[in-house]
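Have the sequence and the 3D view handy as you read.

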Amino acid sequence: MKILFVCSLALLLSSQLQADPTKPASGWQIDGSAVQSAAAPVSLRLQLIKNTEQGLVALINGQLVRKGDRVEQYRVADIQQAQVVLQLNGEQRVLPLLNTAIKQYEE
């Protein structure tokens with residue numbers, strides 16, 4: 001029993017002394033400017049699309065926008081009945097309207 005205890009203790013201590021294989025090598029550092037230049041995707045939420053006399057408008061993150069306007073760093077490329085197409089550096093991002101129920105309001 002003593003031998004089993006001593007072996008278990010030795011194994012436990014030796015495993016604690018080993019280096020973490022997932023830890024980056026010493027001296028490895030991330031340059032802060034590189035992190036800032038890599039833009040994280042902006043969280044955008046399409047809240048509303050409305051058909052007005054001047055055309056379709058959309059409400060994105062509380063900001064009312066039309067085609068050609070800017071939201072964060074994106075340009076509004078197109079507004080459709082159920083989605084908004086945004087563009088940034090030649091790439092498109094589509095924001096779907098999650099609640100497509102159309103409510104009729106009396107004016």
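## Surface and burial

Of the 107 residues, 17% are buried (under 20% relative accessible area; exposed is over 50%, and partly exposed lies in between).

A quick word on the model: it's predicted, so local features need pLDDT of at least 70 and side-chain atom pairs count only at pLDDT 80 or more, while totals for chains, interfaces and linings use all residues. Residues are numbered from 1 along each chain as its sequence is written, and side-chain values use heavy atoms, leaving out hydrogens and water.

## Helices and strands

Here's the parts list: two helices and seven strands, which follow the pattern α-α-β-β-β-β-β-β-β along the sequence. Helices (H or I, at least four residues) and strands (E, at least two) are DSSP runs, numbered from the N terminus.

Leu 9 sits in helix H1 (residues 2–17) and is partly exposed, with a relative accessible area of 39%.

## The four-stranded sheet

Four strands form an open sheet in the order S4-S5-S6-S7, with antiparallel pairing (strands pair if DSSP finds at least two bridges between them). Strand S4 (70–71) and strand S7 (91–96) are the edges, each pairing on one side only.

Strand S6 (residues 83–88) is joined to S7 by six bridges. For Val 84, the bridge partner in S7 is Leu 95.

Note on methods. Buried < 20%, exposed > 50% of the residue type's maximum accessible area, 1.4 Å probe, protein only.
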